[in-house]
Amino acid sequence: PTQVPANGYQYYLSTSSVPPVAATAPTGASATTTTNLTPLTPNTTYYWWVRSVCSPTDRSLWVAGPSFTTTQSPATIPYL
C-alpha cells in the first residue's frame, strides 16, 4: 500500500522461484518501502516476495516482485 502498514513489511528472498506459503518465515522486515538486501551471491538469480504486516497476528498474502540477477562481482556494479 501507499501508506506503510502499522507494523511495516516482511520480505522473503530466495534463489528458488517456489513461492512462500503463509507460514513461511520472512527473510527480513522493513518499516519503510525500501530495504538493503545483503549479502547477495554473485551470478545468482533471486526471487522475492513481500507482505504487509498490519498487526502481530494480521498479515497479507505474499506478493511476488520481479526476479533479478546479480553481476559477477559487487565491485562491477555501476553506482549511479
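Which residue in β3 is the bridge partner of Tyr12? The partner is Trp49. This is a predicted model, in which local features need pLDDT of at least 70, side-chain atom pairs count only at pLDDT 80 or more, and totals for chains, interfaces and linings use all residues. Residues are numbered from 1 along each chain as its sequence is written, and side-chain values use heavy atoms, with hydrogens and water left out.

**Strand β1**

- β1 covers residues 9-14. Strands here are DSSP runs (E, at least two residues), numbered from the N terminus.
- Six of the six residues of β1 are buried, so the strand is largely enclosed by the rest of the structure. Buried means under 20% relative accessible area, with a 1.4 Å probe and protein chains only.
- In a regular strand, side chains alternate between the two faces of the sheet.
- Tyr9, Tyr11 and Leu13 point one way from β1. Gln10, Tyr12 and Ser14 point the other way.
- β1 and β3 run antiparallel and are joined by six bridges. Two strands pair if DSSP finds at least two bridges between them.

**Strand β3 and its other partners**

- β3 spans residues 45-55.
- Strand β4 (residues 58-59) pairs with β3 in the antiparallel sense over two bridges. Arg59 in β4 is the bridge partner of Val53.
- A hairpin of two residues joins β3 to β4.
- Strand β5 (residues 63-64) pairs with β3 in the antiparallel sense, again over two bridges. Val63 in β5 stands opposite Val50.
- Strand β6 (residues 68-69) pairs with β3 in the antiparallel sense over two bridges. Phe68 in β6 stands opposite Tyr46.

**Ser30 in strand β2**

- Ser30 is found in β2, which covers residues 28-30.
- Is Ser30 buried or exposed? Ser30 counts as buried because its relative accessibility is 13%.
- A polar atom of the Ser30 side chain lies 3.0 Å from the backbone oxygen of Thr32.
- A polar atom of the Ser30 side chain also lies 2.8 Å from the backbone oxygen of Thr34.
- Leaving aside neighbours within four places in sequence, Ser30 is in contact (heavy atoms within 4.5 Å) with Gly8, Tyr9 and Thr35.

**The largest pocket**

- Rolling a probe the size of a water molecule over the atoms shows where empty space is left.
- A pocket is an open set of points on a 1 Å grid over the protein atoms alone, where a 1.4 Å probe fits, with protein on both sides within 12 Å along at least five of seven lines.
- The largest pocket holds about 230 Å³ of space. A volume is the space filled by probe spheres set on the points.
- The lining has 13 residues. Lining residues have an atom within 4 Å of a point.
- Tyr11, Thr33, Thr35, Trp48 and Val50 lie nearest the pocket centre.
- β1 and β3 each supply at least two lining residues. The largest share, four residues, comes from β1.
- The lining divides into eight nonpolar, five polar and no charged residues. Ala, Val, Leu, Ile, Met, Phe, Trp, Tyr, Cys and Pro count as nonpolar, Asp, Glu, Lys and Arg as charged, and the others, Gly among them, as polar.

Terms used:
Buried means under 20% relative accessible area, exposed over 50%, partly exposed in between (1.4 Å probe, protein chains only). A polar contact is a pair of N or O atoms within 3.5 Å; within protein, one must be able to donate a hydrogen and the other to accept it, and residues adjacent in sequence count only if both atoms are side-chain atoms.
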